[in-house]
Amino acid sequence: MKIQAIRGVKDILPGEIEAVQRLEQAARSIFESFGFSEIRIPIFEVTELFARGIGATTDIVEKEMYTFEDRDGKKITLRPEGTASVVRSYIEHQLYLKAPVAKLYYLGPMFRHERPQAGRFRQFYQIGIEALGTDRPAMDVEVLAMLSAVLNQIGVTEVQLEINSLGDSVCRPEYRKTLKAYFKTYLSQLCENCRRRYETNPMRILDCKNEGCRAVTAKAPSPLDHLCADCLVHFQQVKDGLNQLKIPFVVNEHLVRGLDYYMRTAFEVTTTKLGAQNAIAAGGRYDGLVKELGGPPTPGIGFAMGVERIALLMERMETPKPDIFFALLGEEAVRRMLPVTIQLRGEGVRVEMDYSGGGLKKQMGLSDKLGARYTLIIGENELKAGKAMLRNMADKSQTELSLSELAQTLPERLRKT
Ligand code: HAM
């Protein structure tokens, strides 16, 4: 029986991984310049963390979690996202005592049992950040500026930032009532899912993609018309800050997120290039989550980028090629050159060689195929003469080098071109 990867789970192969690595490097360096530090959170947690953190009536918790009992009978879930875990860790390790604002970033796989399709996987990678400890709109702006800096750095610029405000515990309950009253008249026109959401999570109806539901939501009351004074000021200051930094955005009053912890600012970065799975990054404020999970009342904001989706938008990058290929003929040449290859690699030179004991023609062919810049040829004759032949693979010129000085002369020669 042929064993294959599980449906919705993807290998990221050489040739694809380079874009991912570039994204990770850009994110790390930009996050760190904004004062964020990496946190490694576990891949599994007790199920209750996500049920309480993300919300019991969300799609993620109701239908998408990989949950199982471990050998001790404990209910465990593979993390579907990172925010709940970061907040758990923040409370558990009392990070609020260490600095007024904890600025953390993480990267790694997340797991959701969704229907697989282009750009949607059951194991996918996120790069995320969380800033805990301030409710000032300036932090919302800073976080969005940081996200935009990462996307700019990797050349993903044809995207749209959509923002909205979902209100807070003061104004949202009233808005929810108004919204329910509106939807009540149209219940029969809503899809089955939204009829259920009407009871559990009526705001989610606003971003249903179903045609019938969209016709109803088009005229639904907007959360922005029901913000309390504080939320209104907060939203205005976020917009002002983005304008000041010339970060383009659109206000999408139907933007509601699939996780329940959000309040006030919510945002998504979308693209038109990936079909239905158009969100490449998303996040928002979650000022009630730390308290909800048993910590001191602490505001927070964050986002997560979808690594596979962003990598699809990046230019494909080449797998790095060898600087030099050692074409060694005979065991003695291999034995003599082993320390030199190890030393060069230690100095950061990419060294390749043939491992099958092929003849010169075969080895030259392999060097060519791998795209090596140079090939160093050492056969019996060269060994006897204490020489090696260095061939420039681009212009085919050859230079004779002394075997005993190779370790000193090669790095210099490779640097020259
Ligand atoms: P999310 O919107 O569920 O938010 O996910 C963030 C991003 O992860 C999405 O915009 C998308 O690019 C990517 N993503 C989500 N599901 C999949 C999937 N099945 N396959 C491929 N990519 C996917 C969160 O997870 C929040 N924790 C973000 C956050 C951090 N909010 C505050 N802090």
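A disulfide is counted here as a pair of cysteine sulfur atoms within 2.5 Å. By that cut-off the predicted model contains zero disulfides anywhere in the structure. The sulfur of Cys191 has its closest cysteine sulfur in Cys194, at 3.7 Å, which is too far for a bond. For Cys213 the closest cysteine sulfur is that of Cys191, again at 3.7 Å and too far for a bond. Cys191 is buried, with a relative accessible area of 18%, and Cys213 is buried as well, with a value of 0%.

**Domains and the central sheet**

The domain assignment divides the chain into domain 1, made of residues 17–171 + 227–313, and domain 2, residues 324–412. The centres of domain 1 and domain 2, taken over C-alpha atoms, are separated by 49 Å.

An open sheet of eight strands runs in the order E1-E5-E6-E11-E10-E9-E7-E8, and its pairing is mixed. Strand E1 (37–38) and strand E8 (250–251) form the edges, each of them pairing on one side only. Helix H1 (residues 17–33) packs on this sheet, where it touches E1, E5, E6 and E11, and its direction makes about 5° with that of E6. Helix H9 (residues 229–244) also packs on the sheet, in contact with strand E7 (160–165), E8, E9 and E10, and its direction makes about 160° with that of E7.

| Strands | Bridges | Residues standing opposite |
|---|---|---|
| E5 (residues 102–111) and E6 | 10 bridges | Ala102 and Leu132 |
| E6 (residues 123–132) and E11 | Seven bridges | Gln126 and Gly306 |
| E10 and E11 | Five bridges | Arg285 and Ile301 |

**Strand E11**

How many of the seven residues of strand E11 are buried? Seven of the seven residues, 300–306, are buried, and the strand is therefore largely enclosed by the rest of the structure. In a regular strand the side chains alternate between the two faces of the sheet.

**Aromatic pairs**

The count of aromatic pairs comes to seven. One of these, formed by Tyr261 and Tyr286, is edge-to-face, with 5.7 Å centre to centre and 70° between the planes. This pair links distant parts of the chain, 25 residues apart, because Tyr261 lies in the loop between E8 and E9, whereas Tyr286 lies in the loop between E10 and helix H10 (289–292). Tyr261 is buried, with a relative accessible area of 6%, and Tyr286 is buried too, with 1%.

**An exposed loop residue**

Is Ala276 buried or exposed? At 62% relative accessibility, Ala276 counts as exposed, because the cut-off for that class is over 50%. Ala276 lies in the loop between strand E9 (265–270) and strand E10 (279–285). Ala276 and Val290 are 14 residues apart in sequence, yet their C-alpha atoms are 33 Å apart in space.

Terms used:
Residues are numbered from 1 along each chain as its sequence is written. This is a predicted model: local features need pLDDT of at least 70, side-chain atom pairs count only at pLDDT 80 or more; totals for chains, interfaces and linings use all residues. Side-chain values use heavy atoms; hydrogens and water are left out. Helices (H or I, at least four residues) and strands (E, at least two) are DSSP runs, numbered from the N terminus. Buried means under 20% relative accessible area, exposed over 50%, partly exposed in between (1.4 Å probe, protein chains only). Domain bounds come from an automatic or database domain assignment. Two strands pair if DSSP finds at least two bridges between them. Contact means heavy atoms within 4.5 Å. Axes are lines fitted to C-alpha atoms, for helices over the stretch in contact, and angles run from 0 to 180 degrees between N-to-C directions. Rings of Phe, Tyr and Trp (its six-membered ring) pair if their centres lie within 6.5 Å; planes under 30 degrees apart count as stacked, over 60 as edge-to-face and the rest as tilted.
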